[in-house]
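Reader: I would like to learn how to read a helical model feature by feature. Could you take me through one?

Author: Gladly; let us look at it together.

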Amino acid sequence: MSNVPNPTRSRGLTATLVLALGTFAVGTDAFIVAGFLPAMANSLEVTTAAAGQSVTTFAVAYAVLAPVLATATARIPRRALLVAALVLLGIANIGSALAPNLAVLIVSRVLAAAGAAAYTPSAGAVSAALVPVEFRGRALAVVVGGLTVATALGVPLGDLAGEWFGWRAALGLVAALCLLVGVGVYLIMPALPGSARIPLRDRLALLRRRSVMAVLPLTVLGMGASYTVYAYSVPALNAVGVPENSTMLMLFLYGLGAVLGNLLSGYATDHWGPIRVLTCGYLSMTLALALLAWFAWTGTTPQVAVAISVFAWGASTWTQTPPQQTRLIDAAPQEAAIVVSLNASAIYLGIGAGTLLGGVLLALGPAPIFTAAAAVAALAALYLRITAP
């Protein structure tokens, strides 16, 4: 057997790593607010739940805009599209950093969602096209890994920057990161053509395909379960004995679990199939969130058990994305870019729904939030069992 590397595979994997840098910037922007949400609320003179709706707005805007922008930008060369999306994301974050009130913040988050919605699905589809089919699960995991590394590093570092310099400076750093990565994508990514423009009604027609519609609600449920808690992680973790000055460490553990869970999920999906991976992930998420709910209700705060639960919570959240994308591409292989964009919409719809549910329950205290999240995770596991072939 020859030890000479396959040049096509090597170029594809290199480009995939560059794409992952972009998703790291997108993920840092999408998730960083959780680390300084109470400080943002105090600065804007609104409640924490009201400030949390900036996360909901971002997520819902992303979910709505992803298929629309995929249609509108189909013919644009991929490198130009990816760079323009990152530039828009950077400008929007400058607007968020300078926002004098919640209304301006909300508008800037919608613009940021447009940049993210244009970038992430295209990056996923391009990565799947650049590598041989037997490496597709791992390539998708690497691109999604940019989002999970953002939860491991970007969010805790943003939380630290917010603590040292204020939340506005933290968002300014995110803006600089997006613009810097945009330059890197322009310099390193190969020039790739756009594709034929597919009308929006044809894209949405996939939602009438039973094999696709059996998969997408699971993404909404899985992400909704996790983000019922995540956006309000500071008060939620306080309830299980984590002081505010240790929140960054717990967010790092969540992110570390997310990175490892995502990467192992890509490997496991290629070897054992998506259904087994998803079953393991949703059962683990249910158990981790149920344990945190138990700690919150009883007032017991065994810190080692809390840390393990937070790690498992992060790992199980991001275990689901590579197998879900693989299932969708298998269901509609000729429309891979479309189903990846629909799954991205489902991810952010789940984030928005979870954040909304968590905001409604926040007045009741953190224990009901953890309980509701565990219940939604159990519902995801049940839905998978009912709908999986």
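Reader: At what angle do α13 and α14 pack, and how far apart are their axes?

Author: Start with the general idea: a pair of packed helices is described by the angle between the two axes and by the distance between those axes. Bear in mind that this is a predicted model. Here α13 and α14 pack at about 145 degrees, and their axes are 8 Å apart. Their crossing is left-handed.

Reader: Which residues make that contact?

Author: From α13 come Val277, Gly281, Ser284, Met285, Ala288, Leu289, Leu291, Leu292 and Phe295. On the α14 side they are Ala305, Val306, Ser309, Val310, Ala312, Trp313, Ser316, Thr317 and Thr319. Sorted by class, the contact of α13 with α14 has 12 nonpolar and 6 polar residues, and no charged ones.

Reader: What is the span of α14, and which of its residues are buried?

Author: Helix α14 covers residues 303-319, which is 17 residues. From first C-alpha to last it reaches 24 Å, close to the 24 Å expected at 1.5 Å a residue. The buried residues of α14 include Val306, Val310, Trp313 and Trp318. Several others, among them Ser309, Ser316, Thr317 and Thr319, are buried as well.

Reader: What meets what between α10 and α13?

Author: Leu218, Gly222, Ala225, Ser226 and Val229 of α10 meet Leu278, Tyr282, Met285 and Leu289 of α13. This contact divides into 7 nonpolar and 2 polar residues, with no charged ones.

Reader: Is Ser265 buried or exposed, and what does it touch?

Author: Ser265, in helix α12, is buried, at a relative accessible area of 2%. Setting aside neighbours within four places in sequence, Ser265 contacts Val277, Thr319, Pro322 and Pro323.

Reader: How long is α12, and what comes just after it?

Author: α12 has 26 residues and reaches 35 Å from its first C-alpha to its last, close to the 38 Å expected at 1.5 Å a residue. Just after α12 comes Gly273, with a positive phi of about 90 degrees.

Reader: Which residue has a positive phi although it is not a glycine?

Author: In general, most residues other than glycine have a negative phi. Glu45 has a positive phi of about 60 degrees. Glu45 sits in the loop between α2 (37-44) and α3 (48-72), and counts as exposed at 75% relative accessibility.

Reader: How far apart are Arg210 and Ala331 in sequence and in space?

Author: They are 121 residues apart in sequence and 9.3 Å apart in space, C-alpha to C-alpha. Arg210 is in helix α9 (residues 210-213) and is exposed, with a relative accessible area of 76%.

Reader: And what does Thr120 touch?

Author: Not counting residues up to four places away in sequence, Thr120 touches Thr23, Val26 and Tyr62. Thr120 is in helix α5 (residues 102-130) and counts as buried at 12% relative accessibility.

Reader: To step back, how many helices and strands are there in the protein chain?

Author: The protein chain has 17 helices and 0 strands. Buried residues make up 56% of its 389 residues. Among contacts between residues at least 6 apart in sequence, 86% join residues at least 24 apart.

Key. Residues are numbered from 1 along each chain as its sequence is written. This is a predicted model: local features need pLDDT of at least 70, side-chain atom pairs count only at pLDDT 80 or more; totals for chains, interfaces and linings use all residues. Side-chain values use heavy atoms; hydrogens and water are left out. Helices (H or I, at least four residues) and strands (E, at least two) are DSSP runs, numbered from the N terminus. The expected span of a helix is 1.5 Å times one less than its number of residues. Buried means under 20% relative accessible area, exposed over 50%, partly exposed in between (1.4 Å probe, protein chains only). Contact means heavy atoms within 4.5 Å. Ala, Val, Leu, Ile, Met, Phe, Trp, Tyr, Cys and Pro count as nonpolar, Asp, Glu, Lys and Arg as charged, and the others, Gly among them, as polar. Axes are lines fitted to C-alpha atoms, for helices over the stretch in contact, and angles run from 0 to 180 degrees between N-to-C directions. A crossing is left-handed if the near helix is turned anticlockwise from the far one by less than a right angle, and right-handed if clockwise.
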